[in-house]
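Me: I've got a structure open and I'd like to learn how to read it. Can you walk me through it?

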Amino acid sequence: METPVLPAVIRQPSPPPVLAEVQDLIPATPPQISEAENKMDISSPNDLICSEAPLQLHISTTLMENFMKMAKSNTDKNLETCGVLAGSLKNRKFYVTALIIPKQESTSDSCQTTNEEEIFEVQDKRSLFPLGWIHTHPTQSCFMSSIDVHTHYSYQIMLPEAVAIVMAPRDSSRTHGIFRLTTPGGMSVIRQCQHRGFHPHDPPPDGGPIYKSCTDVYMNPNLKFDVIDLR
């Protein structure tokens with residue numbers, strides 16, 4: 001079902017949505033974690049993966065800033081914080097209209113949601129699509145860890161447009177990134193991987209990266225979103 005997106009009145013004249021800055025990610029591997037998958041890719045033999053180009057995804061220009069304010073107490077203690085991105089579909093474009101902060105358990109390099117039925121209840125009541133997730137790397141650089149790519153697989157297998165946003169306030173070269181697993185390569189590697197915790201991944205058969213920066217995400221200054229804090 002498609003629901004209308006109410007524009008947020010910010011300032012006059014309101015600038016149009018602009019494509020999020022895209023640049024190749026060269027992740028710096030944290031010394032305490034052995035990450036062989038700090039690359040990005042384009043492959044995967046999963047028949048469920050859509051081969052068509054994903055639809056546009058619009059995110060408010062203020063969403064990441066608002067999330068970081070809500071995560072500040074954890075960030076100050078070097079604890080990760082995660083949130084769920086949900087939204088609507090209108091005119092073949094996805095809009096993130098809700099930032100859900102679930103109950104969670106965090107460490108310096110991981111974040112696990114709890115009471116996940118509450119997330120599903122919010123999405124169901126508001127008829128929202130699960131459009132991805134956002135989380136912090138308070139002590140690390142801006143990259144997708146082996147745990148992150150497994151977490152994101154569950155979102156992207158449901159909706160190819162789903163994104164993973166990583167906020168890394170201490171990364172002087174890149175404080176945030178918007179990523180997807182590559183298709184079919186990255187999706188195939190993660191689909192077949194049975195390991196848990198931090199572990200290395202072999203590159204896809206085509207030699208490409210497992211994940212990459214998104215090129216079809218628009219930062220929209222007129223997009224209104226709700227924050228639902230379930231903690």
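Me: How many helices and strands does the protein have?

Reply: Helices (H or I, at least four residues) and strands (E, at least two) are DSSP runs, numbered from the N terminus. Here you get four helices and twelve strands. Keep in mind that this is a predicted model, where local features need pLDDT of at least 70, side-chain atom pairs count only at pLDDT 80 or more, and totals for chains, interfaces and linings use all residues. Residues are numbered from 1 along each chain as its sequence is written, and side-chain values use heavy atoms, with hydrogens and water left out.

Me: Is Asn74 buried or exposed?

Reply: Buried means under 20% relative accessible area, exposed over 50%, partly exposed in between (1.4 Å probe, protein chains only). Asn74 counts as buried because its relative accessibility is 14%. You'll find Asn74 in helix α1 (residues 63-76). Across the protein, 50% of the 231 residues count as buried.

Me: What does Asn74 touch?

Reply: Contact means heavy atoms within 4.5 Å. Leaving out residues up to four places away in sequence, Asn74 touches Leu79, Glu80, Thr81 and Ser106.

Me: And how covered is helix α3?

Reply: Mostly: eight of the eleven residues in α3 (residues 146-156) are buried. Among them are Val149, His150 and Tyr153.

Me: Which elements do those buried residues of α3 pack against?

Reply: Their partners are the strands β3 (82-90), β7 (129-136), β8 (163-167), β9 (176-181) and β10 (211-213), plus helix α4 (185-192).
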